[in-house]
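Biologist: I'm new to this one. Could you show me how to read its features, one at a time?

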Amino acid sequence: MSMKPMALLLGCISSTVLMISMAQSAGGTGQRPGLLLSKPNNATPDAPFDLKAPIPGHGGTRATPTGGPLLMGVDPTAASPTSQEARPLRATPAKVDETALRFYASQNDSARVSMEIKRIKALNPSWEPPTDLFNEAGDPAVEQKLWDLFGEGRFDEIRIAVENIQKADPNWRPSEKLVQEFDRAQIRAQLIAASEAQDPHGVLAAAESHSGMLVCADVDSMWRVAEALVQTSQEDRALELYKYILSRCPDPAERLATVQKAMELLPVPAVKALMAAARYQSDNGKALEAVQLDLMRRQIGAVASDVTAAPVSPADLKAFESLVKQKKMSNDADLLGWHYYSLKSWPVAAEWFKQAVDWDKLPKAAEGYALALRQQGQLAEAEAASYEWRNASPLVAKLYVEIVATALTQPNPTSFAEARLARMEDVVATIKSVNGSQALGWYHYNKNNFPKALHWFASSVAWEATENNVLGLALAAHRANDEVLFHKTVSDYGNQYAAVAALRAYDKPQVGVRQGGTGSRRSGSPQASQLANAAVEQFKNGKYREALATLDKRAGIAKEDHGLGLLRGWALYNLNQYDKAREKFTELDKKQSTQDTQYGLYYSGSKLDPLHRGD
């Protein structure tokens with residue numbers, strides 16, 4: 001044996017003895033100080049989580065690595081020190097098995113070479129190490145190239161490279177570490193692919209196929225497995241996995257993220273239990289305070305969006321409110337406002353919204369403040385607040401228009417001050433509000449300012465035609481003596497809207513002409529003709545009850561003709577008395593079926609239901 005290999009061999013043996021003696025003097029604990037602030041149940045930080053969740057019999061992704069193992073056709077126990085050391089002691093065979101020894105030497109693994117020499121010598125005292133042992137050591141640069149490919153995730157190229165190296169040198173083997181890391185990386189890639197594909201069964205199958213998968217070195221995989229457990233209704237096991245991370249993994253940022261991820265998936269009681277477990281780590285305190293706040297926000301937000309959600313305990317709510325006031329947290333004040341708004345505690349909601357607005361000028365809080373004021377009947381204050389914040393958010397501007405539009409369309413609205421009306425008109429024109437322009441149209445119509453009513457109805461129809469604003473446009477055109485616009489509106493929209501169709505149906509001459517010496521008469525009586533014309537005007541002006549009363553008065557002195565019958569039917573329709581309207585149209589259709597009677601039957605029939613029974 002040459003001097004250089006022998007010196008290396010003796011050095012390996014002496015260093016091994018020194019390492020063993022140091023381990024024994026340390027008491028054999030194997031614990032590494034400084035990794036964890038505490039270790040519950042004396043658990044070692046590198047022990048993997050034991051995933052025992054059953055895999056469902058259907059669905060899921062197969063856990064076998066798609067690329068296969070790194071060494072094809074090689075006994076995996078051949079290069080395993082564990083398998084060699086686990087064999088029972090036996091008598092020295094005729095030929096000593098030096099497979100493992102030569103493998104370690106080929107890898108330049110001096111520590112394991114010395115341990116293997118010692119083991120073989122104990123079994124075979126007469127055996128001497130081969131003189132050519134280190135002549136088979138491989139070039140470290142060869143495996144380094146494989147590690148470089150591994151770092152870049154080029155697994156297929158690694159497999160091809162290994163096959164090419166073995167063709168040139170059949171005795172060469174990659175290191176055990178590379179083999180283990182390669183197989184684990186493939187499993188991890190498959191686990192991530194299943195997770196991204198929302199395949200929880202595949203995630204669990206991949207994790208279970210590798211017993212050492214769930215360790216602190218790969219917290220991301222544990223997060224994905226925990227999510228898969230929740231998705232497969234195994235919340236309790238997911239909670240245990242989260243606790244494992246919090247109690248064993250050293251990175252504070254990963255522990256905090258673990259609680260935050262759990263909050264998204266687990267119910268509140270489970271998250272609270274998890275946070276209690278997290279207190280094993282003394283450096284979790286401040287981080288947990290932030291998580292605790294997020295948990296409280298989640299509970300409050302749940303009530304704000306669904307009043308049937310589990311209520312927040314009064315003590316927790318009071319503590320949260322005190323903190324919000326102390327630190328002037330405007331977003332949380334806004335959240336509290338919506339929380340109380342959902343509970344219909346309007347005054348308290350208004351207080352929190354106002355607080356949020358004062359602290360940080362939040363548009364959403366301004367909207368909530370105006371809504372809470374309106375709910376309390378403080379309409380003037382609500383109108384002022386929403387007008388003040390109209391430019392901060394389209395929703396606030398819309399709310400302002402709604403508040404004023406409600407006041408404009410009261411049955412007998414009081415006259416608006418010019419400044420108030422001008423403000424409304426300016427906002428409506430700016431945001432092109434269909435509802436607001438329609439309300440302005442009816443306000444001016446009821447005040448007999450027909451030109452202005454015509455202007456706002458025309459704007460409303462131009463922005464978006466509805467039955468209400470088209471009807472308003474036709475009626476305003478009639479009252480403004482714009483018969484061209486009246487006829488065009490009825491013609492354009494009569495087939496689309498029933499109320500407009502009613503105007504078209506009766507937009508016909510109402511005076512019958514008889515040839516004779518007495519001149520023109522309607523149904524044989526001047527009074528009957530006058531009443532008929534009056535009913536027509538009342539109908540066109542939207543005074544449907546008055547029109548019915550006039551028709552009833554006329555029916556006492558003259559027979560009702562087809563045209564006036566249609567008028568009666570549409571008046572009943574517009575008063576929501578659809579059953580009576582349909583009876584009238586049916587009666588008329590039996591006598592003389594026309595397009596007008598068919599329209600009446602269709603529209604009244606489509607509206608007819610138990611809630612619209614006439615008096």
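Modeller: Let's start with a rule: a salt bridge is a side-chain nitrogen of Lys or Arg within 4 Å of a carboxyl oxygen of Asp or Glu. By that rule the count here comes to 19 salt bridges. Keep in mind that this is a predicted model, where local features need pLDDT of at least 70, side-chain atom pairs count only at pLDDT 80 or more, and totals for chains, interfaces and linings use all residues. Residues are numbered from 1 along each chain as its sequence is written, and side-chain values use heavy atoms, with hydrogens and water left out.

Biologist: Which side chain meets arginine 119 in a salt bridge?

Modeller: The general idea is that side chains of opposite charge can pair when their charged atoms come close. Here, arginine 119 meets glutamate 116, at 2.7 Å from N to O. Both lie in helix α4 (residues 110-123), three residues apart, about one turn of the helix. Helices here are DSSP runs (H or I, at least four residues), numbered from the N terminus.

Biologist: Is glutamate 116 buried or exposed?

Modeller: Buried means under 20% relative accessible area, exposed over 50%, and partly exposed in between (1.4 Å probe, protein chains only). Glutamate 116 counts as buried because its relative accessibility is 5%. Arginine 119 has 23%, so that residue counts as partly exposed.

Biologist: Where do arginine 188 and aspartate 220 lie?

Modeller: Their side chains meet in a salt bridge of 3.4 Å, N to O. This pair links distant parts of the chain: arginine 188 is in helix α7 (residues 176-196) and aspartate 220 in helix α9 (residues 219-231), 32 residues apart. Arginine 188 is partly exposed, at 25% relative accessibility, and aspartate 220 is partly exposed, at 25% as well. There's a network of salt bridges too, linking Arg184, Arg188, Glu196, Asp218, Asp220 and Arg224.

Biologist: On to the core. Which residues of the largest nonpolar core touch the most other members?

Modeller: In soluble globular proteins, nonpolar side chains tend to be buried together. A nonpolar core is a set of buried Ala, Val, Leu, Ile, Met, Phe, Trp, Tyr and Cys residues joined through side-chain atoms within 4.5 Å. The largest one has 45 residues, and Tyr445, Leu503, Phe539 and Trp570 touch the most other members. A second, separate core has 40 residues, including Val225, Tyr244, Ala262 and Val291.

Biologist: What is tyrosine 445 in contact with, leaving aside neighbours within four places in sequence?

Modeller: Contact means heavy atoms within 4.5 Å. Among the partners of tyrosine 445 are Phe450, Ala453, Leu475, Arg479 and Asn541.

Biologist: What volume does the largest pocket have?

Modeller: Rolling a probe the size of a water molecule over the atoms shows where empty space is left. On a 1 Å grid over the protein atoms alone, a pocket is an open set of points where a 1.4 Å probe fits, with protein on both sides within 12 Å along at least five of seven lines; lining residues have an atom within 4 Å of a point. The largest pocket has a volume of about 730 Å³, taken as the space filled by probe spheres set on the points.

Biologist: Which residues lie nearest its centre?

Modeller: Of the 24 lining residues, Trp442, Asn446, Asn541, Gly542 and Tyr544 lie nearest the centre of the largest pocket. Helix α23 gives the most to that lining, with five residues.

Definitions and conventions:
Helix = DSSP H or I, 4+ residues; strand = E, 2+ residues; numbered from the N terminus.
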